[in-house]
Amino acid sequence: MELRHLRYFVVLAEELHFTRAAERLNISPSTLTVQIQEIERTLSAQLLNRTKRSVTLTSAGEVFLSEARRVLKQFATAENAGRRAGRGELGRIEIGYVASAAYTGILQDQMNQFTQSYPDVLLKVREFPMDKLPQLVADGDVDIGFVRLPMAMPQLLSHHVLIRDHFCLALSVIPGVEEKSEGPVTPHEIANVSFILPEQAFGTFQVASRGGFTPRIVSMPGSLLAVLTQVSIGNGISVIPSALRSVVNLPGVVFRDIAGEPIVSEIAAIFRSDEVAPAVRHLISQIQTTIA
């Protein structure tokens, strides 16, 4: 039995007249008769009472009509969902991010903008370790990642820069630097202090290179909040993204600029260059139209 059989029966049940039903279906009355007979043979049940003057539903016909309508409605729903998914209006996108992307607000901005345009696409957003995220995107476990550059990435990934940031210092006390000072700190002034290393190590080693020293790394606690906690209790200083200055207010932590040319760090979205999922492509297109 096919969907057309259900449609034929529903129209006939609504008209209770073979000729009128056949006209609605754009088939001949004899063809409709044959189709209804096929249904009854398949079900081994009489669905209609037929006389020369009238057509009525049997009790089995009433039950079958209710179920046929339900099936046709469900099919229409599935058909519509399939078309919408094909247009990227439905689906699910796996989003990965590093904490500093959330601190800048760019993650929230992109998610809110996309949800307004595609409210029926589910966005599943999770934080991941920075060194794991590119491969998760390449492997298809994550669709789009929000990361902090520079970082190594598999060749099949592309990226788009969303925010240009720079590194600063997070510290409690710097030996040899007056606590009241709020000016930039030169790399030479911090050559002999202990460093708390965040996941993004680039800034730390750039500062060390400028100062001509090898940083004494005493801790690598992971998340930026854990890094700042270590700084707040006096375990060392850290080179972190400047975006944190406006969103984190931790007791015992102060922020200072690094003297000299800013050490640039960028927040970017990474994604598969050959992405085929319509919903994901819509989000990529939105990202690519965002000017850093």
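Which domains give residues to the lining of the largest cavity, and where does the cavity lie?

A: The model is predicted, so local features need a pLDDT of at least 70 and side-chain atom pairs count only at pLDDT 80 or more, while totals for chains, interfaces and linings use all residues. Residues are numbered from 1 along each chain as its sequence is written, and side-chain values use heavy atoms, with hydrogens and water left out.

The largest cavity lies between domain 2 (89-161 + 266-287) and domain 3 (163-263), because both of them give residues to its lining. The domain bounds come from an automatic or database domain assignment.

A cavity here is a set of points, on a 1 Å grid over the protein atoms alone, where a 1.4 Å probe fits but cannot get out. A residue lines the cavity if it has an atom within 4 Å of a point. Grid points are joined across faces, edges and corners, and the volume is the space filled by probe spheres set on the points. Counted in this way, there is one cavity of 30 Å³ or more. The largest cavity holds about 110 Å³ of space. Its lining has 16 residues, and those closest to the centre are Ser 100, Met 130, Glu 199, Gln 200 and Leu 224. Two elements give two or more residues to this lining: helix H5 (99-104) and strand E9 (238-241). Strand E9 gives the most, with three residues. Helices (H or I, at least four residues) and strands (E, at least two) are DSSP runs, numbered from the N terminus.

By class, nine residues of the lining are nonpolar, four are polar and three are charged. Ala, Val, Leu, Ile, Met, Phe, Trp, Tyr, Cys and Pro count as nonpolar; Asp, Glu, Lys and Arg count as charged; the others, Gly among them, count as polar.

Next come the aromatic rings. The structure holds four aromatic pairs. One of them is Phe 195 with Phe 213: the ring centres are 6.1 Å apart and the planes are at 25°, so this pair is stacked. The rule is that rings of Phe, Tyr and Trp (its six-membered ring) pair if their centres lie within 6.5 Å; planes under 30 degrees apart are stacked, over 60 edge-to-face, and the rest tilted. Buried means under 20% relative accessible area, exposed means over 50%, and partly exposed is in between (1.4 Å probe, protein chains only).

Helix H8 also holds Phe 205. Phe 205 is partly exposed, at 41% relative accessibility. Its C-alpha atom is 13 Å from that of Ile 258, which is 53 residues away along the chain.

Now to the start of the chain. An unreviewed UniProt entry carries the annotation "domain: HTH lysR-type" over residues 1-58. Such positions are given in the numbering used here, feature names are shortened, and annotations may be inferred rather than shown by experiment. Residues 1-58 are 62% helix and 10% strand, with the end C-alpha atoms 20 Å apart. Ile 36, in helix H3 (residues 29-43), is buried at 0% relative accessible area. Ile 36 and Leu 6 are 30 residues apart in sequence, with 9.2 Å between their C-alpha atoms.

Some backbone angles are worth a look. Most residues other than glycine have a negative phi, and most peptide bonds are trans. Leu 16, in the loop between helix H1 (3-15) and helix H2 (18-25), has a positive phi, near 50°. Asn 26, in the loop between H2 and H3, has a positive phi near 60°. Leu 16 is partly exposed at 34% relative accessibility, whereas Asn 26 is exposed at 70%. The peptide bond from Leu 149 to Pro 150 is cis, with omega near 0°. Pro 150 belongs to the loop between strand E5 (144-149) and strand E6 (157-171).

Key
1 Å grid on protein atoms, 1.4 Å probe; cavity = no way out; pocket = protein on both sides within 12 Å on 5 of 7 lines; lining within 4 Å.
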